[in-house]
Amino acid sequence: MKRHELIVIGAGPAGLSAAIEAKKSGMDVIVFDENSRPGGQLFKQIHKFFGSKEHHAKERGFKIGESLLAEAEELGVKVELNATVMGIYENKEVTVKMNGEVDHFKADKIIIATGAAENMIPFKGWNIPGVIGAGAAQAMMNLQGVKPGSKILMVGSGNVGLVVSFQLLQAGCEVAAVIDAAPRVGGYGVHAAKVARTGVPFYLSHTVIEAKGTDHVSGAVIAEVDSHFQPIPGTEKELDVDTICIAVGLSPMSQLASNAKCDMALIPQKGGNVALLSEYGETNIKGIYCAGDVAGIEEASSAMIQGRSVASHVCYSLGYITEEEFNTKYDSYQEALGKLRMGMFAPANKGRNDFTVTDEGYPISKNLLAKGYMTEEELENFPAYNYKKAGVHPIIECTQNIPCNPCQDACPKKCIKVGENITMLPQIDEEQGCIGCGLCVASCSGQAIFLMDETSDPDGVLISFPYEFLPLPEVGDKGTALSRSGAPVCEAVITDVKKTKVMDKTAVVTMRVPHEFKNSARFYKPV
Amino acid sequence: MAKIIRTAHTEPFVEKPDDDMIICRCEEITKGEIRRAVYDGMSTMNEVKRYLRSGMGLCQGQTCQRLVQNIIAAEMKMKPTEVGMIQGRSPVRPVEIGIFSNNKTDVKEE
Ligand SMILES: Cc1cc2nc3c(=O)[nH]c(=O)nc-3n(C[C@H](O)[C@H](O)[C@H](O)COP(=O)(O)OP(=O)(O)OC[C@H]3O[C@@H](n4cnc5c(N)ncnc54)[C@H](O)[C@@H]3O)c2cc1C
Ligand code: SF4
Ligand code: SF4
């Protein structure tokens, strides 16, 4: 039996970050992951992440995974792949299924960073092939290159449902609808808006009641629900879909903590069954810790910081760093976590729906929560949308307090400011001169920034928007400009397509539309 | 966890239209079977698991654990948080019996 100072279970963002932190201090650490590739959830994520620069915001998820892995490799962290941890026994003995046998390891400390599993909802026919989890859909598209289906119903409007809907559209699937039993969109408004403007309808207060079909899904019946989430008879609608994608939340995968006999509790704010942890992430069993989604469903950004924070406590308790060093590290990690955990989507606000104004005092869009897009009247409450000047300039349709600020770092002219507190809304600094480079448009993780130019072209207004679909339109192409809800607005002519390396595969496309449509045209559909 | 008071039923078991819906896919256990297990006196996740094998299949309860919990809670008129969870047991993932028998018996520390 091999002995290590620290065993980390799971090589996702939390586990890898913990291992990096520990290894840096000189500790002997080994990481086990049951997958054949490290990175956890990150390797399925092809979208640009939220957060701030320090948390790799605006980088695509899989890139963040790659850079964590490179850092771990450089430090010489030992990562055992295809190694499934089967159980945790007394005296921190761990059994691992690897190389066709059951191997035993012992450690002074164990960090459990096993992530989360998808929730399911049962309904008539839910076990027919074609009802899949959103994670499965992502793995098919983004890892295996297989389209999960051609017409999809997305059940769940949280960030996972919204992000995966967009990825399904990118893969060439049709998304028939996004539905949610809750009366409001659960994920970030900007994620919803980028799906809505492609024409996907949102049905809030709706649930799926039946998957039609025998050996595969041939349709879905949805119905409106009452305030107790019970389907209202007579409101049923049948949708012509071949795939039903379920994205109704994640549950911490905490069986190992339970197996180790840690004190557990079902805590809805944390997404399910979790081990009870001290402020340093330690369970009631000394030397066993939890970090990342297994400790409570959050984000990759917070999982990485949590991993480091927990590992710093391990370093301290094994004498690799002094108390003073530990305190400094711990405080800085907590401060970083605190910043991420502000705003209306903070873990502490989970389930709250009484927000009526932003932290700045602007009225929150009701339409965004009910339909996935904002009305022009609602947008007018936000200064960063109303900004007007001659020549090219940004307009920002980011209206919720989310932990995100890549727009601020992207602008070479410092036109956009979020400030110290990353959940504040981006503001436009009128003093600075926008040069129309489009970097803000391409780097906005929420695809919520547009450029407007009302004066440079005598034939109309020029609107630039982010575009992540293939094939890219070409200059001179004629097509249809779409509104925020994806409805056809008018004819549009493509006048520019910018695609540079720093834009990282988000093209900035400019279309010309007649003046009267400047506030409504936000997307483009080729004819 | 709340204290459970067990008393024999005086009313007969009432069937429901969606009782044939499969809840635990791996072990093919229906909602009706879970409801009946509660009627028969099982009142925690662990009891229902031992009685029916729900959560003992390939995914080890990953998919159905929360669903079973909700059904038990509804039958017991309790909150899901009061029903408890399945005790995590090794192996937390299914392991081929051939590998299981390939246990490195040298458990002395190197
Ligand atoms: C669609 C989607 C979009 C997202 N978008 C964002 C975003 O924009 N920004 C953001 O910050 N976050 C985002 N997230 C969330 C983020 O991916 C997760 O919060 C993060 O990956 C959690 O990290 P983790 O290390 O805790 O767990 P994971 O990434 O899940 O890693 C856990 C690892 O543990 C391994 N493991 C589990 N059990 C065992 C075992 N018994 N033995 C060995 N190994 C085991 C698994 O194989 C896995 O590799 C998104 C998630 C999804 C699903
Ligand atoms: S287009 Fe360029 S200069 Fe103008 S606001 Fe955006 S990043 Fe700044
Ligand atoms: S505008 Fe800025 S804060 Fe808002 S989603 Fe885009 S990058 Fe994030």
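This is a predicted model: local features need pLDDT of at least 70, side-chain atom pairs count only at pLDDT 80 or more; totals for chains, interfaces and linings use all residues.
Residues are numbered from 1 along each chain as its sequence is written, and chains are lettered from A and ligands numbered from 1 in the order in which they are written.

**Domains of chain A**

- The assignment gives domain 1 (2-117 + 250-340), domain 2 (120-246) and domain 3 (375-526) of chain A; such bounds come from an automatic or database domain assignment.

**The ligand 1 site**

- Around ligand 1 there are 42 residues, the closest being Gly10(A), Gly12(A), Gly40(A), Gly115(A) and Gly292(A); a residue is near a molecule if its C-beta atom, placed from the backbone, lies within 6 Å of it.
- The site is shared between chains, because residues from chains A and B surround ligand 1.
- Within chain A, domain 1 and domain 2 each give at least three residues to the shell around ligand 1.
- At least two shell residues come from each of α1 (13-24), β4 (84-89), α3 (134-143), α4 (159-170) and α7 (300-317) of chain A, and α4(A) gives the most, with 4 residues.
- Helices (H or I, at least four residues) and strands (E, at least two) are DSSP runs, numbered from the N terminus.
- The shell around ligand 1 contains 20 nonpolar, 16 polar and 6 charged residues.

- Ligand 2 has 15 residues around it, and Cys411(A), Cys415(A), Cys434(A), Cys437(A) and Cys440(A) come nearest.
- The shell around ligand 2 is made up of 12 nonpolar, 2 polar and 1 charged residues.
- For ligand 3, the surrounding residues number 14, and the closest are Cys398(A), Cys404(A), Cys407(A), Cys444(A) and Gly446(A).

**An open parallel sheet**

- Five strands of chain A form an open sheet in the order β8-β15-β9-β10-β11, with parallel pairing; two strands pair if DSSP finds at least two bridges between them.
- Its edge strands, each pairing on one side only, are β8 and β11 (202-204) of chain A.
- From one strand to the next, the twist averages 20°.
- Strand β15 (residues 243-246) of chain A pairs over 3 bridges with β8 (residues 131-133) of chain A, where Val131(A) stands opposite Ile244(A).
- β15(A) also pairs with β9 (residues 151-155) of chain A, over 4 bridges, and Met154(A) is the bridge partner of Cys245(A).
- Both faces of β15(A) are covered, with Thr243(A) and Cys245(A) buried on one side and Ile244(A) and Ile246(A) buried on the other.
- A residue is buried if 20 or more other C-beta atoms lie within 10 Å of its own, exposed if 12 or fewer, and partly exposed in between, with C-beta atoms placed from the backbone.
- Further along, β10 (residues 174-180) of chain A pairs with β11(A) over 3 bridges, and Asp180(A) stands opposite Leu204(A).
- Helix α3(A) lies across β8 and β15 of chain A, at about 85° to β8(A); axes are lines fitted to C-alpha atoms, for helices over the stretch in contact, and angles run from 0 to 180 degrees between N-to-C directions.

**Where chains A and B meet**

- This contact involves 30 residues from chain A and 29 residues from chain B.
- On the chain A side, β6(A) gives the most, with 5 residues.
- That side of chain A has 9 nonpolar, 13 polar and 8 charged residues.

**A look at Met98(A)**

- Met98(A) sits in strand β5 (residues 93-98) of chain A and counts as partly exposed because it has 18 C-beta neighbours inside 10 Å.
- Leaving out residues up to four places away in sequence, Met98(A) touches Glu80(A), Asn82(A), Ala83(A) and Asp103(A).

Definitions and conventions:
Two residues are in contact if their C-beta atoms, placed from the backbone, lie within 7 Å. Ala, Val, Leu, Ile, Met, Phe, Trp, Tyr, Cys and Pro count as nonpolar, Asp, Glu, Lys and Arg as charged, and the others, Gly among them, as polar.
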